[in-house]
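Please open the model in your viewer and keep the selection tool at hand. The tour goes from one selection to the next and says what is there.

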Amino acid sequence: MSAKRIFIKGNEAIAQGALDAGCRCYFGYPITPQNDIPEKLSSAMPAIGGEFVQAESEVASANMLLGAAACGVRAMTTSSSPGVSLMQEAISYMAGSELPGVIVNMNRGGPGLGDIGSSQGDYYQSVKGGGHGDYRTLVLAPASCQECYDLTFEAFDLAFKYRNPVLILGDAIVGQMKEPVAPRAPLPIDPEAGADWKLTGRGQRAPRILKSLFLDDGALAGQNLHLQQKYQSMQAEVRYEAFETADAELIVVAFGSIGRIAKSTVRTLRAKGLKVGLFRPITLFPFPEAELRALAGQGKRFLTIEHNLGQMVDDVRLAVRGIADSDFFGFLPGNMPTPEDFDAPIRAAVKGA
Amino acid sequence: MQEQLVFDRPDVLADVPTHYCPGCQHGVIHRIVAECLEEFGLVEKTIAVSAIGCSVFIYNYVLVDTVEAPHGRAPAVATGVKRARKDAFVFAYQGDGDLASIGLAEIMHAANRGERISVIFVNNTVYGMTGGQMAPTTMIGQKTTTCPGGRCLEREGGPMHMAEIIATLGGVAYCARTAVNNMKNMAQTKRAIRRAFETQLNDEGFGFVEILATCPTNWKLSPVASNERIGKEMIPEFPLGVFKDAAKEE
């Protein structure tokens, strides 16, 4: 563990986390607000013997990721909302072919071109599949520059553990803010990674085929059942932050930057005697369903706050169904939220009891 | 009289019945690719990228490590493979709808970057697996299920000449168009694929071979008539030849 902290932006923390985690292939295409990542990696990656390619499009960069992942090499691409839409084709193929790769989405406002400011409008796209077919990706949502670093670092292990794409769903706020970050000791490259499936050239063994086409009778059904079981096994990776939830009567559920801003509001309201707490999912898939349900079982009520028109609130309601419900406050994209913006909605939810 | 084996199947070709339609020339091209892989001693270090359409099934016949790419993206996938594993020999195998339509950006930019990969481009002027729709290479007047009256220059534009286009790009070391309609052209096809492979092995740049081939089912012609069409109609539109060879320019 390196003791020295570095003062960097969230985007740079993602780039550094990837480098330290052994990522050796980066493919990307410029889009605001994540350009610090390819800019940093354009010099840092070749300097350590890695590969940096500025692709002709997000479509191509995600497919380059697919190719590198098929070789069992730690690889990453990063983008922001409209670019990630273009990547969905390759992400679906990677899920279908069970290829490990890390895809970062620094969420900006939409739909369409929207704006370059922060938003959480890509929640559905990230956690419900995004591309075609029945599939899921692990989704990690950082709320600080340290988490940008740590979650990216760990995303590569998760991608290889499950042979699955892993998404980091950040946003313009966490990508553009600057904080001290404690880096970890760089991971050595593991030559055995993916030893039983990766493409290396067949040598003396039988050839390997990495594909998502299953035409024989029942073959796709078998593959999709296998995938479903894999997605269920990802429940073991559930992560969340619970802040002052023990004696809270109302729990605010919020993720990413919004979770962090809401935490400030909760702290302020606590000081004023309101029994409120914060539950911040860090894994958006798998969603911390059991944990929320347990809180509902304790008689707690919920207010979901998101930087969109209401997406994660569906998952909160599914988690607590039959026991409780969740109020919702959506802070619209195109504006930058402050802790004060959440004061009135939380007070209203407390009174709504 | 004792039989003597004088002509055998390359070991890297699977000993299985073909699923391709009668008269389809994917099998001929697979064989030529297989022969070149064996002659260069590349079988053990090859990673193939299969594309979408009939050509996807190359992995059932050429027994090398293979990854499947989404429609048109094989050159991008191959870029990722080669960048991740520089010691591997990497080739992509694409049809005309795949390469010249949806994948036009990927092929142009991989070629322009001079990716050290080889692309085998099978041009039969039609979408095969999806049932005979118009391709970017469909010829003027050629009837398909989506241009039933024949391709019209004013309405759909003319056929794309990929070998000529690719040859203009800086990163390309070798670019040729061949056919597999007779023994002479098959031999030329093999020479072209060998040279394309060689440019990768010598780190010269991007290698590209466009091969004119049949699709009797979707052309609604017999295998013999299909083969004749290559000589009579396709070659006049898509002239054979070497459009770029870095080795000859020095």
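Which residue in E16(A) does A:Phe302 stand opposite? Select A:Phe302 and you will find A:Ser326 of E16(A) opposite. Before going on, note that this is a predicted model, in which local features need pLDDT of at least 70 and side-chain atom pairs count only at pLDDT 80 or more, while totals for chains, interfaces and linings use all residues. Residues are numbered from 1 along each chain as its sequence is written, chains are lettered from A and ligands numbered from 1 in the order in which they are written, and side-chain values use heavy atoms, with hydrogens and water left out.

**The sheet**

Helices (H or I, at least four residues) and strands (E, at least two) are DSSP runs, numbered from the N terminus. Select the five strands of chain A that form an open sheet in the order E11-E13-E12-E15-E16, with mixed pairing; two strands pair if DSSP finds at least two bridges between them. Strand E11 (240-243) and strand E16 (326-330) of chain A are at the edges and have a single partner strand each, so one side of each lacks a neighbour in the sheet. From one strand to the next, the twist averages 20°. Strand E15 (residues 301-306) of chain A pairs with E16(A) in the parallel sense, over five bridges.

**Helices on the sheet**

**A pair of helices**

Next, select helix H10 (residues 289-297) and helix H11 (residues 312-320) of chain A, which pack at an angle of about 60° with their axes 8 Å apart. That angle makes H10(A) oblique to H11(A), since angles under 35 degrees count as roughly parallel, over 145 as roughly antiparallel, 65 to 115 as roughly perpendicular and the rest as oblique. To see the contact, show A:Glu289, A:Leu292, A:Arg293 and A:Ala296 in H10(A), which meet A:Val316, A:Ala319 and A:Val320 in H11(A).

Notes
Axes are lines fitted to C-alpha atoms, for helices over the stretch in contact, and angles run from 0 to 180 degrees between N-to-C directions. Contact means heavy atoms within 4.5 Å.
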